[in-house]
Protein chains: 2
Amino acid sequence: MPPSDTETARARLLDASEELFYSRGIQTVGMDDIRSAAGLPLKRVYALYPTKSRLVEAYLERRDIRWRARIAEAVSSEPDPRERVLALFDRLGDWFREPGFRGCAWINGFGELGAVSEPMVRQARAHKQAFADYVAGLVADAGLPDSLAPQLVLLAEGAMVSAAIFGTDAPARQARDAAAALVASAAGADSRPRGFRSPGGGDTVGHEHR
Amino acid sequence: MPPSDTETARARLLDASEELFYSRGIQTVGMDDIRSAAGLPLKRVYALYPTKSRLVEAYLERRDIRWRARIAEAVSSEPDPRERVLALFDRLGDWFREPGFRGCAWINGFGELGAVSEPMVRQARAHKQAFADYVAGLVADAGLPDSLAPQLVLLAEGAMVSAAIFGTDAPARQARDAAAALVASAAGADSRPRGFRSPGGGDTVGHEHR
DNA sequence: CTCGGTCGAGAACGAGCGTTCTCCGATAGC
DNA sequence: GCTATCGGAGAACGCTCGTTCTCGACCGAG
């Protein structure tokens, strides 16, 4: 199965869309900007996605998959489950330092269109829910209490927002430090050192997210 | 000094602007929507603010003052300085439950216009910096270590974002719990019980925020 | 060679919006 | 009472943008 012409066109279109939508916002970017960046005739663009909204949807869907995969890949290279929880924040720091970083595409998209576009709200919720589920898996795998997961998520979301607005990566470190304190405190609250939790209290490995 | 006609007009204009800009976003709202909501002739609107950008600026400036005042007022009613730190998150919860809550106006505005409007970036930074300074004051007044403040800020920002996207107030409680754990952990790290810190370590009252 | 169909390039259309302009009625001064 | 000024209501202008339409070049089939 060769990369049929329409599939490479689709890829070029989504590449251009992501580049433009992420860096300049959704409403600011016109279909003509995308057409010229993708080097595709407008007809072709509309043949692939019948409206701008559908194109935005496709952009966010592809970015969601890639973004979560990149996070998970970097985090999973850390062998110790409890260190993995903190590695998440290191990975966020890497992301913040990337040139062109401009915050979370879903937080930004929600701010831009959340009030007027139900699909945008759904996408933002789906992405954030998937992220929260992923963090919950990390927390469970580390044998930490469930209640820790949403707290770590708040730190991560806050770090994304602050890093974007101030244009600095410092929030990653701050969030990591806070997370470490919460992890230590939660682990201590068990009043049992690591590795001595009773096995019936909940599975600690092999969490599938969602 | 009677409320000169132009001042009541300005108030009505800013009221309408805030209502519309906050609930529907900035780009989505047209000057005509504002004009009709304010019940003012367009000429009058442009006499008060020569461009839409200036009107947006004025809207954010007034909201900034009010928002921070409301937070500070609610928080300051808590007598104990360490409890005040946590009361901040209770106050956020009240805000999240207000009808029409749609997240932080500056986070949303940054998501919408941060890429294309330098004034919007400046306003977002100024507001977030002022909030961070305020939290730093609370932390200092409670005799807690400086490094705690940005961590609490991240929790607050994350809570605002999550509450907005999911339309629930749960993040306030989660953030409060996390903040309590961080406060306890930070206070414990002093390895001194409350009230026994050496008086030379830093002023603990009367912090001016800036 | 000719014809039919496909596809690319860009013009065109219709709506929305920020901003300005026109007109008209009311009012104050003489 | 008459005129000059002001302010209100909304039309108009110029531009952008999402979407559609037109036209002409290319290409395989007969």
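**Confidence and overall build**

The average pLDDT of chain A is 90, and 88% of its residues reach at least 70. A stretch that falls below 50 runs over residues 197-206 of chain A; apart from near neighbours in sequence, this stretch makes 12 contacts in the model. Where pLDDT is low, the predicted coordinates should not be read in detail.

Chain A contains nine helices and zero strands, so its pattern along the sequence reads α-α-α-α-α-α-α-α-α. Of the 210 residues in chain A, 50% are buried. Among contacts in chain A with a separation of 6 or more, 70% join residues 24 or more positions apart. The accessible surface of the chain is about 9800 Å², and carbon and sulfur atoms contribute 53% of that area.

**Aromatic pairs**

Over all chains, the count of aromatic pairs is 12. One of them joins Trp67(A) and Phe131(A): the ring centres lie 5.6 Å apart with the planes at 65°, and because an angle over 60 degrees counts as edge-to-face, the pair is placed in that class. Trp67(A) belongs to helix α4 (residues 52-76) of chain A and Phe131(A) to helix α7 (residues 118-141) of chain A, so the pair ties together parts that are 64 residues apart in sequence. Both Trp67(A) and Phe131(A) are buried.

In chain B, Phe96(B) and Phe101(B) form a tilted pair, with 5.0 Å from centre to centre and 45° between the planes. Phe96(B) has a relative accessible area of 6% and is buried; Phe101(B), at 15%, also counts as buried.

Returning to chain A, one aromatic cluster is made up of Trp67(A), Trp95(A), Phe96(A), Phe101(A) and Phe131(A). The edge-to-face pair of Trp67(A) and Phe131(A) thus has both of its members in this cluster.

**Charges over rings**

In chain A, Arg63(A) lies over the face of Tyr22(A), 4.0 Å from the ring centre. In chain B, the charged end of Arg63(B) sits over the ring of Tyr22(B), at 4.0 Å from its centre.

**Cysteines**

The count of disulfides over all chains is zero. A disulfide is a covalent bond between the sulfur atoms of two cysteines. Cys104(A) counts as buried because its relative accessibility of 4% is under 20%. Cys104(B) is likewise buried, at 3%.

**Gln123(A)**

Gln123(A) is found in helix α7 of chain A. With a relative accessible area of 13%, which is under 20%, Gln123(A) is classed as buried. Leaving aside neighbours within four places in sequence, Gln123(A) is in contact with Glu57(A), Leu60(A), Glu61(A) and Trp106(A). One of these residues, Glu61(A), is 62 residues from Gln123(A) in sequence, while the C-alpha to C-alpha distance between the two is 8.0 Å.

**Buried residues with their values**

The table lists the relative accessible areas given above.

| Residue | Relative accessible area | Class |
|---|---|---|
| Cys104(A) | 4% | buried |
| Cys104(B) | 3% | buried |
| Phe96(B) | 6% | buried |
| Phe101(B) | 15% | buried |
| Gln123(A) | 13% | buried |

How values were computed. Residues numbered from 1 in each chain as written. Chains lettered and ligands numbered in written order. Predicted model: local features only at pLDDT ≥ 70, side-chain atom pairs only at ≥ 80, totals over all residues. Heavy atoms only, no water. Disulfide = S-S within 2.5 Å. Buried < 20%, exposed > 50% of the residue type's maximum accessible area, 1.4 Å probe, protein only. Phe/Tyr/Trp six-rings, centres within 6.5 Å; stacked < 30°, edge-to-face > 60°. Helix = DSSP H or I, 4+ residues; strand = E, 2+ residues; numbered from the N terminus. Lys NZ or Arg CZ within 6 Å of the ring centre and 35° of its normal. Contact = heavy atoms within 4.5 Å. Areas by Shrake-Rupley, 256 points an atom, 1.4 Å probe, with all protein chains shown as cover. pLDDT = per-residue confidence, 0-100.
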